[in-house]
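Please look over the sequence and the 3D structure shown here, and then read the briefing that follows.

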Amino acid sequence: MTVFHFFNCAILTFGPHAVYYSATPLSEYDTLGTSIKAAVVYLATALVKLICLATFLKVSESDSFDPYQEFLKALIGFIDVAGLYFALTQLTHRNISQNHKFQAVGLGWAFADSVLHRLAPLWVGARGLEFTWDYILQGLEANANLVLSISLAALGSLMWLRKNKPKTLIPIIYLSAGIVATMPSITRSFSDSLRYLRRGLGWHFPKVVGFELFTSLVMAFISWQLFAACQRPSV
């Protein structure tokens with residue numbers, strides 16, 4: 001039963017990445033190499049973020065919520081944007097379209113994030129004797145992160161790769177990218193600070209995951225609309 005629960009949670013966490021790759025034209029254009037390169041860039045970016053967090057954040061000895069520390073975490077989270085910029089613009093890709101490039105990069109980015117942050121907890125915890133919903137919710141959280149990563153890659157491709165953007169959409173594109181870029185830091189801050197939210201807002205882990213799923217879908221819709229608007233020929 002414990003192994004069955006582990007495999008269920010693992011499929012929920014990592015399965016959507018494989019489904020997305022096989023169900024979209026990414027598999028037809030053999031973009032796996034691009035996704036692997038993006039995953040390597042993510043791991044390097046995560047190492048830089050870890051060094052920055054260890055250098056600039058102090059270990060709190062109390063349970064009090066520190067807005068400055070949480071703001072610093074969100075600011076350090078923007079290192080992801082630099083890593084994504086490198087993955088989209090500096091890596092050599094096969095002769096694939098911009099549409100396929102940002103999807104492949106976002107997919108590799110999200111998969112590396114899931115492996116780095118969720119594989120070890122799944123292996124250690126989901127095989128435990130006591131059933132818990134936490135790892136199922138963690139899988140749903142990985143799905144939300146997949147949507148956010150592809151949305152951020154789409155917005156990044158509009159910012160850095162597309163030259164003929166409608167000028168009226170440029171501020172909206174940058175604002176949306178800033179919101180999507182800070183979402184992982186905000187939600188992880190929520191996850192790390194559940195004890196504060198339980199006292200103040202009464203938020204539990206399921207509500208945090210629901211918030212992530214809802215906001216990821218909203219930002220995906222906005223990103224899709226912006227990308228579609230930039231695809232239309234200018235009059």
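Because the model is predicted, local features need pLDDT of at least 70 and side-chain atom pairs count only at pLDDT 80 or more, whereas totals for chains, interfaces and linings use all residues. Residues are numbered from 1 along each chain as its sequence is written, and side-chain values use heavy atoms, with hydrogens and water left out.

**Salt bridges**

- Lys 49 pairs with Asp 80 in a salt bridge whose closest N and O atoms are 3.0 Å apart.
- Lys 49 belongs to helix H2 (residues 32–56) and Asp 80 to helix H4 (residues 79–89), so this pair ties together parts that are 31 residues apart in sequence; helices are DSSP runs of H or I with at least four residues, numbered from the N terminus.
- Both Lys 49 and Asp 80 are buried, which means under 20% relative accessible area (1.4 Å probe, protein chains only), while exposed means over 50% and partly exposed lies in between.
- Arg 118 and Asp 113 also meet through their side chains in a salt bridge, at 3.0 Å from N to O.
- Arg 118 is buried because its relative accessible area is 5%, and Asp 113 is buried because its relative accessible area is 3%.

**A residue of helix H1**

- Val 3 is found in helix H1, which covers residues 2–23.
- Val 3 counts as partly exposed because its relative accessibility is 44%.

Definitions and conventions. Helix = DSSP H or I, 4+ residues; strand = E, 2+ residues; numbered from the N terminus. Salt bridge = Lys/Arg side-chain N within 4 Å of Asp/Glu carboxyl O.
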